[in-house]
Amino acid sequence: MKGIRKFKIDMKELSQREKVLLEKLILAAELIAPLYLKQKNDKYPGANFYPHDATREEIEKAAKKNSAILNPYTFVERNKSRKLIAIPYHLKFKKELKPIAKLLIKAAKLSDSKKFSHCLKNRANSLLNGNYEKSEIVWLKTEPSKFGFIIGPIERYLDKLFFKKCAYQAWVGILDEERTKEAEKFKKMILTGRRKIISGSEKVDVSKLGIRIDKTAIFSGLIADFMFTGTNLPNDVNLMEKYGSKLTIFESSLISKFKEDHLPTFKVVFTKKFQKSYSEAELYEGSLRCILLHEICHSLIRYRDAEERLRNFFPIFDELYAYILGIKSCGTLLLKGALNQKELEAILIMHICRNFTWWLDSIKNPDVKHYAIGAAIAQSFFLKEGAIKEKGGISWPDFTKLFICIDELSNLLEYHLALGSYEEAKEFVDEHGSFDVFKSFYPHLAKIPSKI
Amino acid sequence: MPEEKKFYLTKQGLEKIKKEYQDLKSLKLAKTKGEIPKIWHSEDINPEYLSFREDLSFLETRIAELENILKNVELIKPPPKERQNIVNLGATVLAEIDGEIDEFTMVGTLEADPSNHKISNESPIGQGLLGRRVGETVVIKTPIVNHSCKTIKIKYNKI
């Protein structure tokens, strides 16, 4: 089904009641996909959020008189006199959202956890009344429960015009307690130090960071299209500052991405001799740590005014810097003996593989282009400094040089997010973000079955 | 004869090891005192016997490890006052590593737990900082990462 991705998960440990609850949540998630598909339109930078003939200037002008125009949860349409008007999602999709809310209420009644039940009821209400902030706060305050569940308009990646409008998505998963405990330890190690702040910047301190690794049962809407392996919410900086944030790693999606994309990329990009030094298990661990570090570091790089300053360039810098800072943090972990050299190498290798797969994914799905541009920037630094030596599409990395590049890139990205202007960001992306850096690898990458 | 490896432990760490040793010894005694499953089950080896042997072997290995630790243990003690401005085992160090301020306690490998700010003396940071004084900067080198590390403050709590 379009806009939906399901994963097989083990439900042996669930009671009959919990299985029914899970079914209701999965069904609710499935019903959100058609709403997302009505928002999506790759032909226009503003997707279907704005009239296709409306210019950026016209929208900005209308927003000055009516702030609802650039509200994250409204469609912008023309009325009979061709004036721009804003229609809230919850009114536009009233009919479609009612059965979804009903399913959430039924699931809430089946839950043994009062807090999770309260959280579900709030989600249901928010879908119908548009008060998403209230339900987000309830979710942030709720302790981790057995089920991981999100539904609603959340991510802004479809709106390439203003990076404002949120697209619908949902996911359902079951907590992997053992993996979550390991991730918690990792988080504590990363967050232990106090980073220096660039003076003059409006850095936001995230009050607390919850963490969970889920065995995901379903992705629906935007997340199914993007196949995230992890996420850190909320996106609203002010909410994050006041109530903290929650990080989720989607194990099922990660396993699938690792098997279909990251590992096959490793096998075609690196020399056979180099490949023999790393087992599949070591590389999977590297892939998991790569995304875990990325999501943890999202909490460390929040600047109050970054989105306004960098506009459509913001997600490129935000996503890339979270990867780069995550890897940079591993340097200290290596020195502390929390990671060994082989483990750090596996993280670096998987980062390089991810760079290639983001580019390949962006060919099929232009909505993930900002990740691919970020990947191209990293790749261009690695090639320029000789950290990756490219010989007819096959490579052998120099880990010491890779780390030097990461350090250099980290300082540059931090500047752009902390203080940089829109023009500076554009210049940086124009200079380093070309997809040409991937092209000589293409004949080899084309051998990956999932990419043909 | 090669010198046996020393195990550095805090008082609490030593108590923990001693307790584990006593617990495992009692468990082994209880296991061998009880009825031992028969080796053969008709013509096949009895799976219960295999499981019993496996458990016992695991216990014996761990007990031997703990005996070796207890034989070669060296208790971490705070140095005399005049040497408390030098990083040694048991020191809590405030340091600047690659621009980040961090605080950790230097312990032996057995008690190392970086997520709880306990760093092993055998880690690159441990090796680089041991014997350094307040204000000293040292470059800690590994095959991948080279970071400068400045010691800002050293303190010794009662161990």
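What percentage of the contacts in chain B between residues at least 6 apart in sequence join residues at least 24 apart? The figure is 53%. Keep in mind as you read on that this is a predicted model.

1. **Chain B as a whole.** Let's start with the inventory: chain B holds three helices and nine strands. Following the sequence, they come in the pattern β-α-β-β-α-β-β-β-β-α-β-β. Now look at the overall dimensions. Along the principal axes, the C-alpha atoms of chain B fill a box of roughly 75 × 35 × 35 Å. The radius of gyration of chain B is 22 Å, whereas a compact globule of 159 residues would have one near 15 Å. As for burial, 25% of the 159 residues of chain B count as buried.

2. **A sheet in chain B.** Five strands of chain B form an open sheet in the order S7-S6-S5-S9-S8, and the pairing is mixed. Strands S7 (118-120) and S8 (137-141) of chain B are at the edges; each has a single partner strand, so one side of each lacks a neighbour in the sheet. On average, and ignoring direction, neighbouring strands of this sheet are turned by 45° against each other.

3. You can find B:Leu94 opposite B:Glu103 of S6(B). The loop between S5 and S6 of chain B contains B:Asp98. This residue, B:Asp98, is not a glycine, yet its phi is positive, about 50°. B:Asp98 counts as partly exposed because 19 other C-beta atoms lie within 10 Å, and a residue needs 20 or more to be buried.

4. **Where the chains touch.** The contact involves 22 residues of chain B and 20 residues of chain A. On the chain B side, S6, S7 and helix H3 (124-129) each supply at least two residues. S6(B) gives the largest share of that side, three residues.

5. **A covered strand in chain A.** Is strand S6 (residues 209-221) of chain A mostly covered or mostly open? Mostly covered, with ten of its 13 residues buried. Several strands pair with S6(A). Strand S1 (residues 4-6) of chain A joins S6(A) in the antiparallel sense over three bridges, and A:Ile4 sits opposite A:Ser220 of S6(A). S5(A) is also antiparallel to S6(A), over seven bridges; here A:Gln169 faces A:Gly221 of S6(A). With strand S8 (residues 245-250) of chain A, by contrast, S6(A) pairs in the parallel sense over six bridges. There, A:Arg212 has A:Thr248 in S8(A) as its bridge partner.

6. **Helix H17 of chain A.** Helix H17 (residues 399-418) of chain A has 20 residues and reaches 28 Å from first C-alpha to last, close to the 28 Å expected at 1.5 Å a residue. Its buried residues include A:Leu402, A:Phe403, A:Ile406, A:Leu409 and A:Leu413. Seen down the axis, the buried residues of H17(A) fall within an arc of 165°, so they line one face of the helix. The elements covering them include helices H14 (314-336), H15 (341-364) and H18 (422-432) of chain A, along with strand S10 (394-397) of chain A.

7. **Helix H4 of chain A.** The 17 residues of helix H4 (residues 94-110) of chain A should span 24 Å at 1.5 Å a residue, and the end C-alpha atoms are 25 Å apart, which agrees. Among the buried residues of H4(A) are A:Leu97, A:Ile100, A:Leu104 and A:Ala108.

8. **Backbone details in chain A.** Most residues other than glycine have a negative phi, and most peptide bonds are trans. A:Phe163, in the loop between strands S4 (147-155) and S5 (167-175) of chain A, has a positive phi near 55°. The peptide bond from A:Leu233 to A:Pro234 is cis, with omega near 10°. You will find A:Pro234 in the loop between strand S7 (230-233) and helix H9 (237-243) of chain A.

Definitions and conventions: Residues numbered from 1 in each chain as written. Chains lettered and ligands numbered in written order. Predicted model: local features only at pLDDT ≥ 70, side-chain atom pairs only at ≥ 80, totals over all residues. Pairing = 2+ DSSP bridges. Helix = DSSP H or I, 4+ residues; strand = E, 2+ residues; numbered from the N terminus. Axes fitted to C-alpha atoms, helices over the stretch in contact; angles between N-to-C directions. Expected span 1.5 Å × (residues − 1). Buried ≥ 20, exposed ≤ 12 C-beta atoms within 10 Å, placed from the backbone. Arc of directions from axis to C-beta. Contact = placed C-beta atoms within 7 Å. Rg over C-alpha atoms; globule rule 2.2 N^0.38 Å.
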